[in-house]
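Subject: A structure for you to look at

Hello,

Here is the structure I promised to send you. Please open it and keep it beside this email while you read.

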Amino acid sequence: MIRSAELKDFADIVKIYNHYVLNSHATFEIDPISVDDMMNRVQKIQHAFNLPWIVLVIENQIVGYAYATQWKPREAYLQTAEVSVYLEKNATGNGYGRLLYQELIERLKHLRLHAILAGISLPNDASVKLHESLGFKKVGQLKEVGKKFDRWIDVGYWELIFE
(Lines give C-alpha, C1' and ligand atoms only; values in the text may rest on other atoms or scores of the structure.)
Protein backbone atom coordinates (compact mmCIF):
# COMPACT_ATOMS: atom_id res chain seq x y z
CA MET A 1 0.00 0.00 0.00
CA ILE A 2 1.28 3.45 -0.90
CA ARG A 3 -0.07 6.38 1.09
CA SER A 4 0.86 9.86 2.20
CA ALA A 5 3.38 9.95 5.01
CA GLU A 6 1.97 10.56 8.47
CA LEU A 7 3.61 11.82 11.65
CA LYS A 8 3.79 8.28 13.03
CA ASP A 9 5.96 7.27 10.03
CA PHE A 10 8.88 9.56 10.66
CA ALA A 11 10.82 7.29 13.00
CA ASP A 12 10.85 4.65 10.23
CA ILE A 13 11.64 7.22 7.53
CA VAL A 14 14.60 8.52 9.54
CA LYS A 15 15.86 4.98 10.16
CA ILE A 16 15.80 4.30 6.42
CA TYR A 17 17.44 7.61 5.58
CA ASN A 18 20.16 7.41 8.23
CA HIS A 19 21.29 4.08 6.82
CA TYR A 20 22.17 5.95 3.61
CA VAL A 21 23.72 8.84 5.54
CA LEU A 22 26.13 6.45 7.27
CA ASN A 23 26.75 3.91 4.50
CA SER A 24 26.26 5.51 1.11
CA HIS A 25 27.02 8.52 -1.04
CA ALA A 26 23.35 8.58 -2.15
CA THR A 27 22.97 11.54 0.19
CA PHE A 28 25.63 14.11 0.96
CA GLU A 29 24.46 14.38 4.54
CA ILE A 30 27.34 13.30 6.79
CA ASP A 31 25.75 12.99 10.24
CA PRO A 32 22.55 11.09 11.07
CA ILE A 33 19.49 13.26 11.56
CA SER A 34 16.79 13.13 14.19
CA VAL A 35 13.07 12.56 13.76
CA ASP A 36 12.47 16.21 14.69
CA ASP A 37 14.92 17.35 12.00
CA MET A 38 13.14 15.30 9.35
CA MET A 39 9.67 16.40 10.47
CA ASN A 40 10.75 20.05 10.35
CA ARG A 41 12.05 19.62 6.80
CA VAL A 42 8.87 17.97 5.64
CA GLN A 43 6.55 20.45 7.33
CA LYS A 44 8.45 23.37 5.79
CA ILE A 45 8.17 21.89 2.29
CA GLN A 46 4.54 20.86 2.63
CA HIS A 47 3.49 24.14 4.19
CA ALA A 48 5.09 26.24 1.47
CA PHE A 49 4.51 24.06 -1.59
CA ASN A 50 2.14 21.20 -0.70
CA LEU A 51 4.51 18.71 -2.32
CA PRO A 52 3.96 15.03 -1.54
CA TRP A 53 5.83 12.70 0.77
CA ILE A 54 4.65 9.11 0.37
CA VAL A 55 5.48 5.78 1.98
CA LEU A 56 5.23 2.17 0.86
CA VAL A 57 3.84 -0.10 3.57
CA ILE A 58 4.14 -3.88 3.32
CA GLU A 59 2.91 -6.10 6.13
CA ASN A 60 2.54 -3.04 8.40
CA GLN A 61 6.19 -2.03 7.83
CA ILE A 62 7.42 1.00 5.95
CA VAL A 63 9.87 -0.30 3.37
CA GLY A 64 10.48 2.94 1.51
CA TYR A 65 9.49 6.51 0.89
CA ALA A 66 9.60 9.07 -1.88
CA TYR A 67 9.11 12.79 -1.92
CA ALA A 68 9.28 15.98 -3.92
CA THR A 69 10.88 19.19 -2.79
CA GLN A 70 11.34 22.69 -4.10
CA TRP A 71 14.00 22.87 -6.81
CA LYS A 72 15.09 26.50 -6.29
CA PRO A 73 13.59 29.39 -4.32
CA ARG A 74 12.92 31.76 -7.24
CA GLU A 75 9.32 32.17 -8.40
CA ALA A 76 10.06 31.12 -11.98
CA TYR A 77 10.96 27.64 -10.68
CA LEU A 78 7.57 26.99 -9.04
CA GLN A 79 6.56 24.39 -11.65
CA THR A 80 9.75 22.38 -11.12
CA ALA A 81 10.46 20.00 -8.25
CA GLU A 82 13.28 17.69 -7.24
CA VAL A 83 12.42 14.10 -6.36
CA SER A 84 14.05 11.37 -4.30
CA VAL A 85 13.31 7.82 -3.24
CA TYR A 86 14.84 5.75 -0.43
CA LEU A 87 14.25 2.10 0.39
CA GLU A 88 14.89 0.07 3.52
CA LYS A 89 18.31 -1.54 3.08
CA ASN A 90 16.87 -5.06 2.60
CA ALA A 91 14.06 -3.95 0.28
CA THR A 92 16.09 -2.98 -2.78
CA GLY A 93 15.83 -4.85 -6.08
CA ASN A 94 12.14 -5.71 -5.70
CA GLY A 95 10.59 -2.93 -7.80
CA TYR A 96 9.56 -0.91 -4.76
CA GLY A 97 11.41 2.20 -5.90
CA ARG A 98 9.53 2.04 -9.21
CA LEU A 99 6.18 1.72 -7.41
CA LEU A 100 6.92 4.70 -5.21
CA TYR A 101 8.11 6.85 -8.10
CA GLN A 102 5.15 5.95 -10.29
CA GLU A 103 2.77 7.11 -7.56
CA LEU A 104 4.83 10.22 -6.84
CA ILE A 105 4.93 11.16 -10.52
CA GLU A 106 1.15 10.82 -10.81
CA ARG A 107 0.65 13.05 -7.78
CA LEU A 108 3.03 15.64 -9.20
CA LYS A 109 1.21 15.66 -12.54
CA HIS A 110 -2.00 16.53 -10.69
CA LEU A 111 -0.20 19.48 -9.08
CA ARG A 112 0.42 20.84 -12.59
CA LEU A 113 4.18 20.74 -12.37
CA HIS A 114 6.06 21.02 -15.63
CA ALA A 115 9.36 19.31 -14.82
CA ILE A 116 10.86 17.10 -12.16
CA LEU A 117 14.55 16.63 -11.54
CA ALA A 118 16.56 13.91 -9.85
CA GLY A 119 20.12 14.40 -8.67
CA ILE A 120 22.04 11.13 -8.57
CA SER A 121 25.40 10.78 -6.84
CA LEU A 122 27.60 8.80 -9.17
CA PRO A 123 28.27 6.02 -9.66
CA ASN A 124 24.83 4.57 -8.94
CA ASP A 125 23.82 2.24 -11.77
CA ALA A 126 20.61 1.07 -10.09
CA SER A 127 19.32 4.62 -9.61
CA VAL A 128 20.25 5.65 -13.15
CA LYS A 129 18.46 2.59 -14.54
CA LEU A 130 15.34 3.28 -12.43
CA HIS A 131 15.09 6.92 -13.48
CA GLU A 132 15.71 6.23 -17.16
CA SER A 133 13.14 3.42 -17.17
CA LEU A 134 10.57 5.98 -15.98
CA GLY A 135 11.38 8.40 -18.79
CA PHE A 136 13.94 10.65 -17.11
CA LYS A 137 16.70 11.90 -19.42
CA LYS A 138 20.20 12.82 -18.30
CA VAL A 139 20.68 16.56 -18.70
CA GLY A 140 24.02 17.17 -17.04
CA GLN A 141 26.75 16.13 -14.67
CA LEU A 142 28.62 18.16 -12.10
CA LYS A 143 32.15 16.99 -11.39
CA GLU A 144 33.42 16.50 -7.84
CA VAL A 145 30.79 18.68 -6.13
CA GLY A 146 30.56 16.59 -2.96
CA LYS A 147 33.12 14.95 -0.73
CA LYS A 148 32.13 11.98 1.39
CA PHE A 149 34.07 9.01 2.69
CA ASP A 150 37.30 10.83 1.74
CA ARG A 151 36.56 10.94 -1.96
CA TRP A 152 35.10 13.41 -4.43
CA ILE A 153 31.72 12.53 -5.91
CA ASP A 154 30.05 13.64 -9.13
CA VAL A 155 26.32 14.36 -9.31
CA GLY A 156 24.33 13.74 -12.46
CA TYR A 157 20.93 15.33 -13.10
CA TRP A 158 18.04 13.59 -14.77
CA GLU A 159 14.87 15.40 -15.85
CA LEU A 160 11.33 14.36 -16.67
CA ILE A 161 9.16 16.94 -18.42
CA PHE A 162 5.41 16.54 -18.33
CA GLU A 163 3.58 17.11 -21.61
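A residue counts as buried when its relative accessible area is under 20%, as exposed when that area is over 50%, and as partly exposed in between. Please also keep in mind that this is a predicted model.

Let's begin with a pair in helix α3. The side chains of R107 and E103 meet in a salt bridge, with N and O 2.8 Å apart. Why are these two residues about one helical turn apart? They are 4 residues apart in helix α3, and that is the reason. E103 has a relative accessibility of 27%, so E103 counts as partly exposed. R107 is also partly exposed, because its relative accessible area is 23%.

Another one joins D154 and K143, whose closest N and O atoms are 3.6 Å apart. This pair links distant parts of the chain: D154 belongs to strand β7 and K143 to strand β6, and 11 residues separate them. Are the two partners buried or exposed? D154 counts as buried, because its relative accessibility is 15%, whereas K143 is exposed at 60%.

Next, look at D9 and R3. Their side chains meet in a salt bridge, at 2.6 Å from N to O. D9 is buried, with a relative accessibility of 3%, and R3 is buried as well, with a relative accessible area of 17%. Both residues belong to a network of salt bridges that links R3, E6, K8 and D9.

The largest pocket holds about 1,100 Å³ of space. It is lined by 42 residues, and those closest to its centre are A26, S84, V85, Y86 and S127. Which elements give two or more residues to this lining? They are the helices α1, α2, α3 and α4, together with the strands β3, β4, β5 and β7. By kind, the lining residues divide into 22 nonpolar, 15 polar and 5 charged.

On the surface, F28, L142 and V145 form a nonpolar patch, and together they have about 240 Å² of accessible area. You will find F28 in the loop between α1 and α2. F28 counts as partly exposed, because its relative accessibility is 33%.

Finally, a few details of the backbone. Most residues other than glycine have a negative phi, and most peptide bonds are trans. With that in mind, have a look at these places:

- The peptide bond from L122 to P123 is cis, with omega near 5 degrees. P123 lies in the loop between β5 and α4.
- E59 is not a glycine, yet it has a positive phi of about 50 degrees. E59 sits in the loop between β2 and β3, and it counts as exposed because its relative accessibility is 71%.
- E144 is also a residue other than glycine with a positive phi, near 50 degrees. E144 is found in strand β6, which covers residues 137-148.

I hope you enjoy exploring it.

Best wishes

Definitions and conventions
Residues are numbered from 1 along each chain as its sequence is written. This is a predicted model: local features need pLDDT of at least 70, side-chain atom pairs count only at pLDDT 80 or more; totals for chains, interfaces and linings use all residues. Side-chain values use heavy atoms; hydrogens and water are left out. Patches are made of residues with over 30% relative accessible area and no salt bridge: like charges are joined within 9 Å, nonpolar side chains (Val, Leu, Ile, Met, Phe, Trp, Tyr) within 5 Å. Accessible areas come from the Shrake-Rupley method with a 1.4 Å probe; for residues, only the protein chains shown count as cover. A salt bridge is a side-chain nitrogen of Lys or Arg within 4 Å of a carboxyl oxygen of Asp or Glu. Buried means under 20% relative accessible area, exposed over 50%, partly exposed in between (1.4 Å probe, protein chains only). On a 1 Å grid over the protein atoms alone, a cavity is a set of points where a 1.4 Å probe fits but cannot get out, and a pocket is an open set with protein on both sides within 12 Å along at least five of seven lines; lining residues have an atom within 4 Å of a point. Grid points are joined across faces, edges and corners, and a volume is the space filled by probe spheres set on the points. Ala, Val, Leu, Ile, Met, Phe, Trp, Tyr, Cys and Pro count as nonpolar, Asp, Glu, Lys and Arg as charged, and the others, Gly among them, as polar.
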